[in-house]
2 protein chains.
Amino acid sequence: MASSKAPAIDKRRQILDAAIRVFARQGFHSTRVADIADEAGVAYGLVYHYFKSKDEVLNELFSERWSLLLAAIEEADRSAATPRAKLEAVAGFIVDSYRHDPELMKVIIVEVTRAANSFGRTHLPEIRRAYDSIAKIVADGQQSGDFRRDIDSAFASMSFYGAIEQQLSGWIFELTPASDTDLEQAKTLVTATICDGLEPR
Amino acid sequence: MASSKAPAIDKRRQILDAAIRVFARQGFHSTRVADIADEAGVAYGLVYHYFKSKDEVLNELFSERWSLLLAAIEEADRSAATPRAKLEAVAGFIVDSYRHDPELMKVIIVEVTRAANSFGRTHLPEIRRAYDSIAKIVADGQQSGDFRRDIDSAFASMSFYGAIEQQLSGWIFELTPASDTDLEQAKTLVTATICDGLEPR
DNA sequence: AAACCGATTGACTGGTCAGTCAGCCAGTGG
DNA sequence: CCACTGGCTGACTGACCAGTCAATCGGTTT
């Protein structure tokens, strides 16, 4: 049959997508592999056909999306825009990632990025690369005189990223309204807060 | 004997302190209750004499310190200082908490604050109260004209808190140097970033 | 000195799961 | 039409561990 190879690929994807939903709903630690299989409408054993372990499923989900983030940051950096516009692009990408798939972003933030003890530990190098790339944008901005130089670029990078991630956390845990307009505004607001500051100019 | 009641209290404390160390080292999920007992130099069963469950140990650790943070924020708010100085006081308190007991702060951030799925869920109301109290400081600052009004105070609060917590995360996972001077500078730098912004004035 | 009582001990149990594996089934090639 | 292959199945197992509990200990009271 023409579709003889297709189902195989589908099933793997099906499992990953199901895992996103289940991890988002119950958290990684309290999902059983059986939950993923059930959600995917697939036999228990098939999960182990495609993945070495339950951990590997999460690793795959993280790496898939984080590499996009890294690419987006590095692309923003390479562009000819102002440092501020570069930061705005990064914030925009992260917010759009959330809009596009809130459950996946929830899993990534809750189970990896903010869980540097368990999974984050494994991915610390990749996570760090994001921080470093943002720091580079800031450092360049300091070089060009667009940003003040008395705030360490690594420090500024952490503040910027922390501010965004905290917004996402607020949405994820429904501490903060997350309508379409809220998300859209957040893109500019984070950058405005970090670049202009809270005090009037 | 005069010290007849004292050991009882000691043991409870001993267990809590041991739990801080073990949770910080291995993470909550991969510590066995036996690890806590061993670290405390106490029999397994005694943990259950003082605490209903393993979870309750963590809850206790969190609540103990978080209530201090809430008190500190609210006290800062009540003071006559400028809004900016109030924020600086909050940042200072959090940084000092880290300096005073990095392991405890690690546990609180990694296992509770940033794990709103598992433990955070239980403590969401308390956590939210911190965000709200900070938002109030910002809102008052907007009222008095010290802060601009086009950035929502709840949003600013999340950015501020997120920026600090991200710094702590950097220290915790050794992504960022954490010498005494670094910690000291961080207090002012967070506030400077958020209040003044990265762009030169 | 005997009864009492809270602190302390640690062996044991019941339940939970991640991961294995022996085999099934559908499509393909000979 | 049969052998083969690889996606697919799900019952099973071995390990692990939170929480229980019966027993002991040491100090206090009567």
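A nonpolar core is a set of buried Ala, Val, Leu, Ile, Met, Phe, Trp, Tyr and Cys residues joined through C-beta atoms within 7 Å, where a residue is buried if 20 or more other C-beta atoms, placed from the backbone, lie within 10 Å of its own. In this predicted model, local features need pLDDT of at least 70 and side-chain atom pairs count only at pLDDT 80 or more, while totals for chains, interfaces and linings use all residues. Residues are numbered from 1 along each chain as its sequence is written, and chains are lettered from A in the order in which they are written.

The largest nonpolar core has 119 residues, and those with the most contacts inside it are Ala19(A), Ile36(A), Ile134(A), Ala19(B), Ile36(B) and Ile134(B). Leaving aside neighbours within four places in sequence, Ile36(A) is in contact (C-beta atoms, placed from the backbone, within 7 Å) with residues that include Ile15(A), Ala19(A) and Val57(A).

Chain A has nine helices and zero strands, helices being DSSP runs of H or I with at least four residues and strands runs of E with at least two. Of the 201 residues in chain A, 43% are buried, and the C-alpha atoms fill a box of roughly 65 × 35 × 35 Å along the principal axes.

| α8(A) | 153-172 | Ser159(A), Phe160(A), Ala163(A), Ile164(A), Gln167(A) |
| α9(A) | 180-196 | Ala186(A), Val190(A), Thr193(A), Ile194(A) |

The axes of α8(A) and α9(A) come within 10 Å and cross at roughly 145°, the axes being lines fitted to C-alpha atoms over the stretch in contact and the angles running from 0 to 180 degrees between N-to-C directions.

How values were computed. Two residues are in contact if their C-beta atoms, placed from the backbone, lie within 7 Å. A residue is buried if 20 or more other C-beta atoms lie within 10 Å of its own, exposed if 12 or fewer, and partly exposed in between; C-beta atoms are placed from the backbone.
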